[in-house]
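Have the viewer open while you read.

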Amino acid sequence: APRAAADAAPAAPVQAGAPPVQAAGTLEPQAGSATSGADYVGEAMCATCHEDETKSNSTTKHARALNPRTPAANQTCESCHGPGSKHVEADGDGFIDNPRTMKPRDASATCTTCHNRTEHNQWAGGKHDSRNISCVTCHSQHSPKSEHAQLKEATQLETCAQCHKPQVAKLHRTSHMPVREGKMECSSCHNPHGTQNVKMLREGSSINESCTSCHTEKRGPFLWEHAPNRESCITCHDPHGSNNERMLVAKAPMLCQRCHTHSRHPATIYDNTQLLNRSNRIAGRSCVNCHAQIHGSNHPTSGKAFIR
Amino acid sequence: QQPPPPPSPPPAGATPQVDLGVVRQQGRVDAGFRASSVAGDQARFNRFQDLREGPFLSGIRAERETKRWFFLGEAHNVGYRDQRFMGAAESIGRFKVRFEWDQIPLFISGDTRSLQQDLGNGVLGVDDGIQQAIQARTLTLADAMASAVPFDMRSRRHVAAFDMTYMAARDVDLRLRVKSTGRAGRHLQSFALANSPGGFTQELGIPIDDRTTDVRMGVEWANARGLLSAGIDASWFTNHIPTVQFDNPQRFTDISAGASKGLAVMWPSNSLVSLVAAGAYKLPARTRATANISIGRATQNEPLAAPTSNTALVAPTLMRGTAEAAADVVSMVYGLNSRPAERLWLNARYRYYDYANKTQHYEATRVIGDWTVAGGTAENEPLSVRRHTLDLDSSFSASRFAVLGAGYTREAAARSFRIFEDTTEDIFRVTADSTGNAFVTARLKYEIADRKGSGFDGHLLEEVSEQPDMRHFDVANRRRTRATGSVTVTPVAWINLSGSIADGRDDYADTGFGLRDNRNRSYGIGVDLMPMDTVMMGLSYLREKYTANQYSRTSNPGAQFLDPNRDWWIDSTDRVETVVASLDLLRMFPNTDIRLAYDVSDGDATYVYGLRPTQTVFTGAASLQQLPRLSNRLTGGRADVQYFLRQDVAVGVVYRFEDYAVRDFALDADTVTPLAAGTSTIYTGYMYRPYTAHTAWLRLTYLW
């Protein structure tokens with residue numbers, strides 16, 4: 001007999017003070033939804049077959065019934081999976097929306113019905129959306145492995161590394177951000193759900209504004225500006241890591257000589273002879289041995305060359 | 001499909017029909033003893049962490065959730081320099097608060113020494129007797145260095161952050177975030193003294209003491225149709241040591257060609273305050289429009305320091321007393337995303353960014369360091385940049401999981417004080433992606449971009465004696481091609497095979513001098529296996545290669561400046577291989593979890609000079625001597641064995657191995673020691689040194 005005949009009676013959504021309304025928190029039907037024309041049957045009915053899923057859901061944020069924005073305060077399981085009456089009538093064979101098997105963008109549309117605030121507001125049209133990545137590519141509602149954010153992998157780094165291996169590999173280089181050490185995460189700089197900034201950077205509206213949200217001392221404006229510092233930090237630095245000092249994209253003085261071919265010392269060949277003579281234009285930290293304030297200077301008379 | 005009937009509201013005064021019992025109450029704590037042995041550069045090993053030997057209390061996480069409340073507390077490495085504490089509470093459906101205290105160490109070197117003593121308030125001083133003796137030539141600098149005092153070159157960030165979100169109504173949130181980051185310690189910088197810029201440099205442990213305070217507050221309304229938010233983002237950076245004065249060990253008295261003291265101006269206090277607003281609205285045909293606007297002002301008005309600390313120089317008069325630096329920053333992003341048909345996805349985004357530098361004109365008589373008045377004046381160049389970026393993307397669903405995409409971006413930028421007043425870049429891209437398929441995930445992208453500059457201003461090159469054919473690569477004409485691809489195949493549920501490849505090239509065809517070519521190539525392969533629920537293993541290999549070519553000319557003003565026989569170039573190559581392997585055996589053996597991991601990052605780099613056959617740079621017996629090869633290899637291994645005595649109590653041992661091998665010609669011991677290399681540089685002893693570290697944790701884990 002169809003399971004609809006089971007004892008479990010359709011349960012009304014949990015009351016949480018204010019009555020739920022058709023708003024964030026209730027699935028907006030997707031075109032071609034498997035649940036078209038079905039009615040809601042309630043969580044208790046779902047649990048008759050999907051005990052494990054109901055249980056795994058019960059300790060997540062989705063199950064917080066006092067928050068009127070959650071599925072628990074609305075149509076519970078059917079907030080995400082759509083109304084289940086046809087599914088029940090078909091003895092569990094089809095007629096239900098499963099984000100794991102839906103088209104990626106349909107799955108994302110399901111999640112962003114509720115997850116539409118600050119953190120997720122820029123999902124549609126963002127980099128990940130444009131490449132057909134969906135919420136369930138990284139997250140799992142019923143079998144997450146992470147302590148935070150219900151990721152499919154144990155850590156955020158492992159999650160991102162699935163696609164962004166070269167960037168993660170750079171964390172093993174001599175000069176790197178403290179991600180390996182657990183003091184930062186990919187999401188410290190990036191919002192994988194999309195942002196107003198380029199490169200899905202979380203802060204600011206430019207690469208520099210993102211970097212200087214922590215490195216505020218380099219924000220300026222300075223009395224004397226150095227062009228690449230105002231233009232883009234990644235002109236000189238690789239934020240994911242480098243084997244060069246201070247995450248530089250190339251070793252100094254060669255890096256500086258990519259722009260400075262002036263007469264006199266900037267265009268000197270700093271070969272092994274210069275090195276053995278311990279010229280301080282190649283030894284140690286090279287150009288910044290003297291041009292110490294290379295990000296910009298406020299010195300009233302020596303700032304032009306970033307020496308003070 | 002019928003919309004769900006709105007449930008009846010509960011009678012006034014009725015108790016909500018909610019079970020308010022405990023949903024979850026769990027936690028864990030790790031405690032025990034950590035043993036550590038580091039041979040070599042301890043500072044680099046502990047650069048951002050503190051794994052010193054001793055008892056430890058870490059991994060603490062306690063959470064309790066009822067239907068009405070949620071509490072979470074965390075603590076890590078308690079009592080050590082990288083300790084972190086976090087607490088969060090949420091009244092479900094009403095508000096949530098979170099507080100975090102995090103300390104991030106930056107250990108640069110533990111082997112540094114200096115003659116300069118920190119006298120407080122940004123003053124570093126050398127013993128007067130040493131200065132006098134060296135000046136009188138009764139003591140050599142090299143001998144004086146014997147009395148250099150060891151010190152740790154380290155600093156630490158102390159980050160305190162408080163976040164609060166108050167759900168004022170079902171659709172309305174009020175948000176507040178306050179973050180205060182203090183930074184104190186010593187930072188590595190070097191400054192030059194004596195009679196020419198390259199003549200005499202000394203590395204210093206610059207004292208730093210600064211604080212950044214960020215405040216972000218706003219209100220946000222959102223429902224299924226749309227979103228509106230407005231707020232303020234403010235950030236203040238305050239440097240408590242705005243200048244650092246340091247002694248010249250070689251001079252006790254000032255002369256016009258050499259100062260007894262140097263004065264460096266450190267990071268100026270500054271602020272950035274922005275009003276921000278965002279909106280989104282859902283339109284028919286699965287279309288969504290978004291807008292983000294930010295209008296802000298960056299200011300910096302620090303008092304200007306004295307023109308020089310050298311009393312023997314006639315100090316020029318300053319044009320004004322404070323920096324009077326400011327910039328108006330306006331950013332707008334408008335987006336329109338639509339899925340008008342089942343298989344079609346369209347996206348348009350316009351981005352406007354304007355950094356309008358309003359710093360007042362400033363002109364100064366140049367003083368080079370504190371050793372000479374150079375003559376002539378220098379004018380500031382308050383750089384501004386304005387960018388208009390239009391992204392147009394589309395994709396077509398070829399099948400349930402696969403999409404084919406095409407996109408175009410045009411970025412037009414206008415700048416001041418750059419060699420090109422305007423640049424325009426056209427970017428075309430095609431993509432093919434298959435995601436969500438249980439058997440194959442594939443991502444392919446090809447991109448071609450063309451950037452052109454206009455309004456070339458050769459005067460800017462001329463005034464700094466730059467080669468007229470020099471083009472700064474960040475604005476130069478550029479042809480860029482990039483191809484990336486990755487495929488993951490899952491033939492059966494327990495096997496994942498993956499491969500990736502990337503090839504990118506930047507050609508600066510119109511560049512005579514400067515960076516002319518930049519190329520990157522990489523490929524990687526990997527396998528992940530889970531033959532049974534208790535066994536997981538993974539192995540991946542990635543090889544990357546980066547090459548570049550840059551062109552220059554060694555010349556003094558005059559005939560040399562235009563002599564092609566003085567041209568030279570560098571072909572640089574950077575190769576890195578990365579291997580990551582892991583094996584997890586979770587309960588394969590009774591009550592035992594075993595996790596093993598190994599990784600190695602092995603890189604080498606070369607910078608090879610080239611000269612014309614007719615070159616005149618090297619004459620006589622002198623000849624070009626190529627630089628040595630650079631190499632970096634970081635090898636790490638970790639074994640974590642945990643045996644559960646009971647369901648909630650486990651004992652375990654973690655062993656971690658890390659070996660760092662490095663050859664860096666500019667920063668190795670042969671180059672930067674002795675501390676005084678002649679009279680040209682006094683190094684503190686900061687260098688690239690290898691280390692081998694063994695760390696073991698004997699731990700007791702309690703879970704509840």
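## Ground rules and a first pair

A residue counts as buried when its relative accessible area is under 20%, as exposed when it is over 50%, and as partly exposed in between. Keep in mind that this is a predicted model. With that cut-off, B:Glu447 lands in the buried class because its relative accessibility is 15%. Its salt-bridge partner is B:Lys445, and the closest N and O atoms of the two are 3.6 Å apart. B:Lys445 comes out as partly exposed, since its relative accessibility is 24%.

## Chain B at a glance

Chain B has 704 residues, and 50% of them count as buried. Its secondary structure consists of 5 helices and 34 strands.

B:Lys67 has a relative accessible area of 24%, so it is partly exposed.

## Salt bridges

Side chains of opposite charge can pair when their charged atoms come close. How many salt bridges does a search of the whole structure find over all chains? The count is 72.

One of them joins A:Arg117 to B:Asp173, with an N to O distance of 3.5 Å. This pair crosses between chains: A:Arg117 belongs to the loop between helix 5 (104-111) and helix 6 (127-130) of chain A, while B:Asp173 is in strand 9 (residues 172-193) of chain B. Both A:Arg117 and B:Asp173 are buried.

Within chain A, the side chains of A:Arg246 and A:Glu245 also meet in a salt bridge, at 3.8 Å from N to O. Are these two partners buried or partly exposed? A:Glu245 is buried because its relative accessible area is 12%, whereas A:Arg246 is partly exposed at 34%.

There is also a salt-bridge network to look at. Its linked residues include A:Arg64 and A:Glu147 from chain A, along with B:Arg24, B:Arg61, B:Glu63, B:Glu65 and B:Glu74 from chain B. Also among them are B:Arg84, B:Glu90, B:Arg98 and B:Glu100.

## A patch of negative charge

Now for some acidic side chains on the surface. B:Glu363, B:Glu379, B:Glu462 and B:Glu463 gather there in a patch of negative charge. One of these, B:Glu379, is placed in strand 19 (residues 372-379) of chain B. B:Glu379 counts as partly exposed because its relative accessibility is 41%.

A:Cys236 is in no disulfide either, and the nearest cysteine sulfur, that of A:Cys256, is 7.1 Å away.

As for cover, A:Cys80 has a relative accessible area of 23%, so it counts as partly exposed. A:Cys236 is partly exposed too, given its relative accessibility of 22%.

Technical notes: Residues are numbered from 1 along each chain as its sequence is written. Chains are lettered from A and ligands numbered from 1 in the order in which they are written. This is a predicted model: local features need pLDDT of at least 70, side-chain atom pairs count only at pLDDT 80 or more; totals for chains, interfaces and linings use all residues. Side-chain values use heavy atoms; hydrogens and water are left out. Buried means under 20% relative accessible area, exposed over 50%, partly exposed in between (1.4 Å probe, protein chains only). Patches are made of residues with over 30% relative accessible area and no salt bridge: like charges are joined within 9 Å, nonpolar side chains (Val, Leu, Ile, Met, Phe, Trp, Tyr) within 5 Å. Accessible areas come from the Shrake-Rupley method with a 1.4 Å probe; for residues, only the protein chains shown count as cover. A salt bridge is a side-chain nitrogen of Lys or Arg within 4 Å of a carboxyl oxygen of Asp or Glu. Lys and Arg count as positive and Asp and Glu as negative; His and the chain ends are not counted. The place of a charge is taken as NZ of Lys, CZ of Arg, CG of Asp or CD of Glu. Helices (H or I, at least four residues) and strands (E, at least two) are DSSP runs, numbered from the N terminus. A disulfide is a pair of cysteine sulfur atoms within 2.5 Å.
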